[in-house]
Amino acid sequence: MTDIAPSFVTAAAERRDSTAASVGDYLQLLKPRVMSLVVFSGFAGLVVAPVQPHPLLAAVAVLCIAIASGASGAINMWYDRDIDAVMQRTRNRPIPQGRVEAEEALAFGVVLAIGSVAIMGIALNWLAAGLLAAAILFYVFVYTIWLKRRTPQNIVIGGAAGAFPPMIGWAAATGQVSIESIALFLLIFMWTPPHFWALALYRAGDYEKAGVPMMPVVAGARATKLQMLIYTVLLFPLALAPWFLGMAGALYGAAAVLLGGLFILAALRVWADDSDRSARKMFAYSIFYLFALFALLILDRAPGLLPQFLNGSFGA
Amino acid sequence: MKQDRASQGRSGEALRQRQRAKNWAMFAALAAFALLIYLIAIVRMGGG
């Protein structure tokens with residue numbers, strides 16, 4: 001880890017007092033906002049799978065995905081505590097504020113990570129547990145420790161960690177990895193760069209101060225905007241894949257065309273606009289885009305699932 | 001001087017409350033974990 005802000009770290013160390021930590025501080029270590037999208041996409045993977053586990057086991061699978069996501073967040077906060085102290089967006093996190101000790105956050109994250117993988121294996125199957133472990137390890141070792149501070153491609157490759165959840169949900173239900181779950185993985189994988197770079201465009205100063213080589217810091221805003229546009233264009237056909245593969249109907253297909261078109265339009269606006277405004281809007285829209293796509297996938301399957309649930313054959 | 005002692009008392013009480021909340025949260029998490037394992041075992045044994 002680089003020694004970016006010794007003064008901040010020292011200040012945090014002086015304030016350090018683990019009894020000052022509240023339950024809320026530990027919840028904050030779990031990055032609840034990131035967790036919501038991870039859980040939702042994992043749930044979607046579970047619901048769109050052709051086989052449905054028992055409702056209780058399905059809930060356990062979603063819980064394990066949520067806990068694993070939180071565990072990764074806590075370990076990430078432990079490793080990134082020096083740059084978190086420098087960046088405006090992250091300086092109020094529990095570790096840089098000195099409310100939670102770094103080692104405590106690490107232990108918290110590791111225990112939750114091991115627990116979530118073990119329960120997934122015991123309750124569902126060991127393929128889903130293996131994928132869950134791979135997602136955690138990829139996020140911690142490949143993204144956080146290896147790529148984040150070394151290359152502007154950090155979130156392109158590291159984005160794979162966030163793309164795992166629908167595949168994990170699918171594997172929890174079916175015990176397999178199939179072309180459908182790989183399509184969902186690729187969808188999130190391709191969505192991640194324009195999503196993160198929209199944020200990085202209006203937080204470039206923050207990243208530069210912390211020494212994180214995000215694309216706008218290294219290649220400049222113009223090159224970043226061009227790449228964002230390319231990724232949104234590439235994402236367009238990938239978002240239609242669930243329709244082509246028969247996982248969803250025409251309603252999903254039509255919505256994916258509309259939502260994808262609006263995403264490309266947002267990228268074009270960012271390209272044409274020199275201010276931060278359109279980048280902020282694109283960041284917000286990118287979250288809506290992914291939520292909407294996965295919500296449509298779930299809704300598409302709901303009419304078939306509801307009667308199964310009501311007559312008790314769900315999970316049989 | 002009196003004010004200092006009063007504020008120290010208040011912050012001591014706040015720390016105790018936080019510790020109590022953490023103890024309850026830990027208890028709830030462990031109880032939920034035990035219940036979860038129990039329910040998983042029931043479902044798995046039932047062939048679900």
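Author: Let's start with A:Lys31, which counts as partly exposed because it has 18 C-beta neighbours inside 10 Å. Being buried would take 20 or more. Keep in mind that this is a predicted model. As for where A:Lys31 sits, it belongs to the loop that links helix H2 (23–29) to helix H3 (32–48) in chain A.

Now over to helix H7 of chain A, residues 126–147, which has a bend of about 30 degrees at A:Phe138. A:Phe138 is itself one of the buried residues of H7(A). Others on that list include A:Leu131, A:Leu132, A:Ile136, A:Tyr139 and A:Tyr143. What do the buried residues of H7(A) pack against? Three helices of chain A: H4 (55–79), H6 (102–123) and H8 (154–174).

Two of those names come back where the chains meet. There, 10 residues of chain A are in contact with 11 residues of chain B. On the chain A side, H4 and H6 each supply at least two of the touching residues, and H4(A) gives the largest share, with 3 residues. By type, that side of chain A splits into 6 nonpolar and 4 polar residues, with no charged ones.

And the partner? Chain B has 1 helix and 0 strands, and buried residues make up 0% of its 48 residues.

Terms used. Residues are numbered from 1 along each chain as its sequence is written. Chains are lettered from A and ligands numbered from 1 in the order in which they are written. This is a predicted model: local features need pLDDT of at least 70, side-chain atom pairs count only at pLDDT 80 or more; totals for chains, interfaces and linings use all residues. The bend at a residue is the angle between axes fitted to the seven residues ending there and the seven starting there. Helices (H or I, at least four residues) and strands (E, at least two) are DSSP runs, numbered from the N terminus. A residue is buried if 20 or more other C-beta atoms lie within 10 Å of its own, exposed if 12 or fewer, and partly exposed in between; C-beta atoms are placed from the backbone. Two residues are in contact if their C-beta atoms, placed from the backbone, lie within 7 Å. Ala, Val, Leu, Ile, Met, Phe, Trp, Tyr, Cys and Pro count as nonpolar, Asp, Glu, Lys and Arg as charged, and the others, Gly among them, as polar.
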